[in-house]
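The following exercises ask the reader to work through a structure step by step. Each task is followed by its solution.

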Amino acid sequence: MSHSRREPMRPSYLLAAALMLATTANSWAQDATDGVPNIKQPDQENIQAQMRDTWETIKQFSADQKDQALAALRHAMDALDEDIDQASERIDENWQDMSQDARLKKQDALSELKEQREALQTRYQQLEASSEDNWEAAKARFGGAWESTKDAWSELTAPQPRAAD
């Protein structure tokens with residue numbers, strides 16, 4: 001009976017294995033929030049790209065995955081609502097530093113974003129009420145509303161010149 005001799009693990013392999021384990025565990029921990037898939041929590045710098053990524057993920061869901069898609073969209077829309085609130089707060093905080101023109105543009109952009117968000121909610125409700133027969137059409141309509149909301153976010157967060165001192 002021959003025993004194969006185990007070679008000690010090299011430090012570089014050990015480090016790679018530890019790093020892989022740590023990042024995988026972190027990834028798994030972030031993949032679900034209360035049973036809802038994590039659809040990339042938006043941060044202020046990357047929300048437009050993350051909205052694109054969210055839609056790219058959601059549009060792959062079939063009618064059989066409707067419940068998961070709706071839960072993921074609800075989660076993403078709730079996060080978007082938080083980001084809209086934060087953006088509105090930042091506008092208020094920077095109000096004095098903005099030119100009159102910039103203020104008007106921000107007010108208009110915020111108003112447009114809120115209108116698009118309401119339209120998105122309507123499309124979400126239609127998606128929620130859809131059947132297997134009209135799932136793809138309802139999903140496409142929701143996708144159009146999602147894109148419009150993303151565009152409105154982009155307009156709101158576009159840099160504005162500061163007021164002259």
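**Exercise 1.** State which elements the protein contains and in what order they run.

*Solution.* Step 1: the protein has five helices and two strands. Step 2: read from the N terminus, the order of the elements is α-β-β-α-α-α-α. Step 3: of the 165 residues in the protein, 32% are buried. Step 4: among contacts with a separation of 6 or more, 74% join residues 24 or more positions apart.

**Exercise 2.** Classify how helix H2 and helix H5 are oriented relative to each other, and identify the residues that make their contact.

*Solution.* Step 1: two packed helices are described by the angle between their axes and the distance between the axes. Step 2: H2 covers residues 47-58 and H5 covers residues 135-157; their axes come within 10 Å and cross at roughly 175°. Step 3: angles over 145 degrees count as roughly antiparallel, and therefore H2 is roughly antiparallel to H5. Step 4: on the H2 side the contact is made by Ile47, Gln48, Met51, Arg52, Thr54, Trp55 and Ile58. On the H5 side, the contributors include Phe142, Gly143, Trp146, Glu147 and Trp153. Step 5: the residues of this contact divide into seven nonpolar, five polar and five charged.

Isoleucine 58 lies in helix H2, and its relative accessibility is 1%, so it counts as buried. Isoleucine 58 and glycine 143 are 85 residues apart in sequence, yet 9.0 Å apart in space, C-alpha to C-alpha.

**Exercise 3.** Describe the largest nonpolar core and state which element gives the most to it.

*Solution.* Step 1: in soluble globular proteins, nonpolar side chains tend to be buried together. Step 2: the largest nonpolar core here has 31 residues, and those with the most contacts inside it are Leu120, Leu127, Phe142, Trp146, Trp153 and Leu156. Step 3: H2, helix H3 (66-93), helix H4 (100-129) and H5 are the elements that give two or more residues to this core. Step 4: H3 gives the most, with 10 residues. Step 5: leucine 127, leaving aside neighbours within four places in sequence, is in contact with Lys66, Leu70, Leu73, Trp135, Ala138, Lys139 and Phe142.

**Exercise 4.** Locate serine 130 and list the residues that it touches.

*Solution.* Step 1: serine 130 is in the loop between H4 and H5. Step 2: its relative accessibility is 6%, and therefore serine 130 counts as buried. Step 3: not counting residues up to four places away in sequence, serine 130 touches Lys66, Trp135 and Ala138.

**Exercise 5.** State where the confidence of the prediction is lowest and where it is highest.

*Solution.* Step 1: the mean pLDDT of the protein is 76, and 69% of its residues reach 70 or more. Step 2: confidence is lowest in helix H1 (residues 11-30), at a mean of 35, and highest in H4, at 95. Step 3: the pLDDT is below 50 over residues 6-43, a stretch with 28 contacts in the model beyond near neighbours in sequence.

Notes. Residues numbered from 1 in each chain as written. Predicted model: local features only at pLDDT ≥ 70, side-chain atom pairs only at ≥ 80, totals over all residues. Heavy atoms only, no water. Axes fitted to C-alpha atoms, helices over the stretch in contact; angles between N-to-C directions. Helix = DSSP H or I, 4+ residues; strand = E, 2+ residues; numbered from the N terminus. Parallel < 35°, antiparallel > 145°, perpendicular 65-115°, else oblique. Contact = heavy atoms within 4.5 Å. Nonpolar A, V, L, I, M, F, W, Y, C, P; charged D, E, K, R; others polar. Core = buried A, V, L, I, M, F, W, Y, C linked by side-chain atoms within 4.5 Å. Buried < 20%, exposed > 50% of the residue type's maximum accessible area, 1.4 Å probe, protein only. pLDDT = per-residue confidence, 0-100.
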